[in-house]
Amino acid sequence: GLSHGVDVRYGYRFWRALDLGVAAEAAYGSGAAGQSLARTAALFSLGAEWRPVPRLGLRLDTAIGWQLLSGNIELGGQKVSGTEPRGFRYELAGGLNFNVAGSFGLFARGGLALDGVYPQGSASSLQPNGFLNLGVQFSL
């Protein structure tokens, strides 16, 4: 089902249009048959941004890292309940940044995420999911 969350990202521009960064994400979603899942993720990111005009940035980025999953879900036909620290997240995204004033801007970012969970004694799972982030951005 649909999930809602927040994320905080930091990127350091190390060469022209390329940046390295870190991200922290937290989200919660619920679905049919009483399934619900909360997740927390810590990711490393690599991105590129092109500015055709000074106020507009077009981005492409990728991120990979660890995630903690907690909830009640069905994996491989088996109901699983509890917290699982053996999780994986990969993101590939395109985005748009618009500077409103000074260092303040708005952004939209969307793409494909691969969410993996590898519980001990149960079937593992790697699921593709789409995602969309809308938010504000502060540039230093």
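This is a predicted model: local features need pLDDT of at least 70, side-chain atom pairs count only at pLDDT 80 or more; totals for chains, interfaces and linings use all residues.
I found an open sheet of 7 strands, in the order 1-2-3-4-5-6-7, with antiparallel pairing. Its edges are strand 1 and strand 7 (125-138), and each of these pairs on one side only.

**Entry: strand pairs**

Next I went through some of the pairings. Strand 1 and strand 2 are antiparallel and share 12 bridges. Here I noted that Asp7 has Glu25 in strand 2 as its bridge partner.

Then I moved along to strand 4 (residues 56-75) and strand 5 (residues 78-101), which pair in the antiparallel sense over 19 bridges. One spot I wrote down is Glu74, standing opposite Lys79 in strand 5.

On to the next neighbour: how many bridges join strand 5 to strand 6? I got 14, with strand 6 covering residues 104-117 and the two strands running antiparallel. Asn97 sits opposite Phe107 in strand 6. The hairpin of strand 5 and strand 6 has 2 residues between the strands, and Gly102 in this hairpin takes a positive phi near 55°.

**Entry: salt bridges**

The structure holds 15 salt bridges, and I followed up a few of them. As a reminder to myself, side chains of opposite charge can pair when their charged atoms come close.

I looked at Arg9 first. Arg9 forms a salt bridge with Asp7, and their closest N and O atoms are 3.4 Å apart. The Arg9 side chain also meets that of Glu91 in a salt bridge, at 3.1 Å from N to O. This second pair links distant parts of the chain: Arg9 is in strand 1 (residues 3-15) and Glu91 is in strand 5, 82 residues apart.

Which of these residues are buried, and which are partly exposed? Arg9 is partly exposed, at 30% relative accessible area. Asp7 is partly exposed as well, at 24%. Glu91 has a relative accessibility of 1%, so I put it down as buried.

The other pair I checked is Glu25 with Arg89, a salt bridge whose closest N and O atoms are 3.2 Å apart. Going back to my strand notes, Glu25 is the residue I had listed as the bridge partner of Asp7.

**Entry: nonpolar patch**

Last, I looked at the surface. Tyr10, Tyr12, Phe14, Trp15, Leu20, Val22, Phe44, Leu46 and Leu140 form a nonpolar patch there, with about 1100 Å² of accessible area together. The elements giving two or more residues to this patch are strand 1, strand 2 and strand 3 (36-53).

Which strand gives the largest share? Strand 1 does, with 4 residues.

Leu46 lies in strand 3. At 39% relative accessibility, Leu46 counts as partly exposed.

Key: Residues are numbered from 1 along each chain as its sequence is written. Side-chain values use heavy atoms; hydrogens and water are left out. Two strands pair if DSSP finds at least two bridges between them. A salt bridge is a side-chain nitrogen of Lys or Arg within 4 Å of a carboxyl oxygen of Asp or Glu. Buried means under 20% relative accessible area, exposed over 50%, partly exposed in between (1.4 Å probe, protein chains only). Patches are made of residues with over 30% relative accessible area and no salt bridge: like charges are joined within 9 Å, nonpolar side chains (Val, Leu, Ile, Met, Phe, Trp, Tyr) within 5 Å. Accessible areas come from the Shrake-Rupley method with a 1.4 Å probe; for residues, only the protein chains shown count as cover.
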